[in-house]
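Morning, everyone. Please have the sequence and the model open.

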Amino acid sequence: MTDEALDLSRLQPALPSPLQPAEDERFARHGVTLLLKRDDLIHPDLPGNKWRKLAPNLRAAAGRTVLTFGGAYSNHLRATAAAGRLLGFPTVGVVRGDELAGRPLNPSLARCAADGMRLHFVDRPTYRAKASPDVLDGLLSLFGECVVIPEGGSNALAAQGCTELGRELRSRTGTVAVACGTGGTLAGLAAGLGDGQRALGVPVLRGGFLGAAVEDLQRAAFGAPAGRWSLDERFHFGGYARTTPELHAFADDFEDRHGLPVERLYVAKLLYGLTVLAGEGAFAPGSTVTAVVTGRPEAEPS
C-alpha cells in the first residue's frame with residue numbers, strides 16, 4: 001500500500017457539503033427556517049457521516065485489512081466495502097445473524113461482496129458480545145491481523161472527524177439535527193459547533209442507551225463533554241430498520257415538496273421528528289433549524 005493510495009482526497013469528496021434552504025409551511029407558520037445540510041452529496045460511494053467517520057479511521061489503518069461490524073442493511077458495511085475497493089485495501093464484514101449465511105444476499109450485502117468484502121455471519125449472542133476479548137480474538141484468529149472499527153464506525157477518531165460538520169455550520173444556524181444510530185456523528189457535531197448553537201440527535205433505535213454512548217465517545221475523543229446536545233427518542237418508529245406506512249407517506253410527501261430523495265431508515269425519521277417538534281413550538285420564532293441529510297435511499301428492507 002503506497003502513501004498515494006491512502007490519500008483520500010484523490011476520491012474528490014465534495015466538502016464542505018451544500019447547505020440548502022427548504023421552504024416548508026409546516027416550519028414557516030411557526031417562524032422557523034429549515035435548512036438541509038446535504039452530506040449525502042459528499043461522495044457517491046461514501047456519503048454523509050460515513051465519509052466523515054471513516055476518513056480518519058482509514059488514514060490510521062494505513063492500508064491494513066479493516067474488520068468491522070453491521071446488520072444486513074448496514075450503511076457502514078457498504079461504505080467500508082466501497083472504500084476498500086476504491087483505495088485497494090482488504091475488508092471483512094462481521095454480519096449480525098447467522099441465519100443469513102444460507103440465504104441469497106440482499107442488495108446491501110451483495111454490494112459489499114461485489115466490492116470485495118469478506119462476509120462473516122455470526123449468531124446474535126456472539127454479535128452482542130462483539131467487543132469482548134474472546135470474540136475479537138476469535139475473529140482475528142480467523143482473519144489474521146486486522147484494524148477493527150466498531151459497528152457504525154463510531155469511535156474516538158470518528159467523533160473527531162465529525163467535528164468538521166459542526167465547524168461548517170458555525171454562524172449558519174441555531175439548531176443542527178441529525179439521525180443517530182451509534183452516536184459518533186452527534187458526538188463530533190456538537191463539539192464542532194460554536195457558542196450559542198446546539199445539536200439535536202434523533203435516535204433510530206429503541207433502548208435509551210444513546211446518551212451514555214455519546215458521553216463516552218466525547219470523553220474518548222475530546223477528554224471531556226463538548227458542546228450542547230440533546231436527544232429526542234420519540235421517533236424511532238419501532239426501532240432500527242423498522243418503518244410504518246405513516247413514515248413512508250411522510251417521506252413521499254417530503255420528496256414531492258422538496259425534490260429530495262428521502263432515505264427511510266434514518267433521514268425520514270429525522271425529518272418527521274423535526275416537523276413534529278416545529279408543530280409543538282420547540283423552536284423559537286425567528287430561529288433556523290438545519291437537518292443533516294446523511295444518506296440516500298438504497299438497499300432498504302421492504
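**Pockets, a sheet and a helix**

The second largest pocket is lined by Gly71, Ala72, Tyr73, Arg96, Glu99, Leu100, Arg103, Pro104, Leu105, Asn106, Leu109 and Arg124. By class, that lining has 6 nonpolar, 2 polar and 4 charged residues. The volume of this second largest pocket is about 210 Å³. Keep in mind that this is a predicted model.

How is such a space found? Rolling a probe the size of a water molecule over the atoms shows where empty space is left.

Now the largest pocket. About 1,100 Å³ of space lies in it, and 50 residues line it. Which residues lie nearest its centre? They are Ser74, Glu151, Gly152, Thr182 and Tyr266. Several elements give two or more residues to this lining, among them helix H2 (48–61), strand S3 (66–70), helix H3 (75–87) and helix H9 (210–222). H3 supplies the largest share of the lining, 6 residues. Sorted by class, the lining of the largest pocket has 20 nonpolar, 15 polar and 15 charged residues.

S3 brings us to the sheet. Four strands form an open sheet, in the order S5-S4-S3-S6, with parallel pairing. Strand S5 (118–122) and strand S6 (147–148) are at the edges; each has a single partner strand, so one side of each has no neighbour in the sheet. For anyone new to this, strands of a sheet pair through backbone hydrogen bonds, either parallel or antiparallel. S3 and S6 pair in the parallel sense over 2 bridges. To find one on screen, go to Val66, whose bridge partner in S6 is Val147.

Last, back to H2, which also lines the largest pocket.

Where does H2 bend? The bend is at Leu54, by about 35°, and a proline, Pro56, follows within four residues.

Is H2 mostly covered or mostly open? Mostly covered: 12 of its 14 residues are buried. Leu54 and Pro56 are both among the buried residues of H2. The buried set also includes charged side chains such as Lys50, Arg52 and Lys53, along with Trp51 and Leu58.

That is the tour. I will take questions now.

Key: Residues are numbered from 1 along each chain as its sequence is written. This is a predicted model: local features need pLDDT of at least 70, side-chain atom pairs count only at pLDDT 80 or more; totals for chains, interfaces and linings use all residues. Side-chain values use heavy atoms; hydrogens and water are left out. On a 1 Å grid over the protein atoms alone, a cavity is a set of points where a 1.4 Å probe fits but cannot get out, and a pocket is an open set with protein on both sides within 12 Å along at least five of seven lines; lining residues have an atom within 4 Å of a point. Grid points are joined across faces, edges and corners, and a volume is the space filled by probe spheres set on the points. Two strands pair if DSSP finds at least two bridges between them. The bend at a residue is the angle between axes fitted to the seven residues ending there and the seven starting there. Buried means under 20% relative accessible area, exposed over 50%, partly exposed in between (1.4 Å probe, protein chains only).
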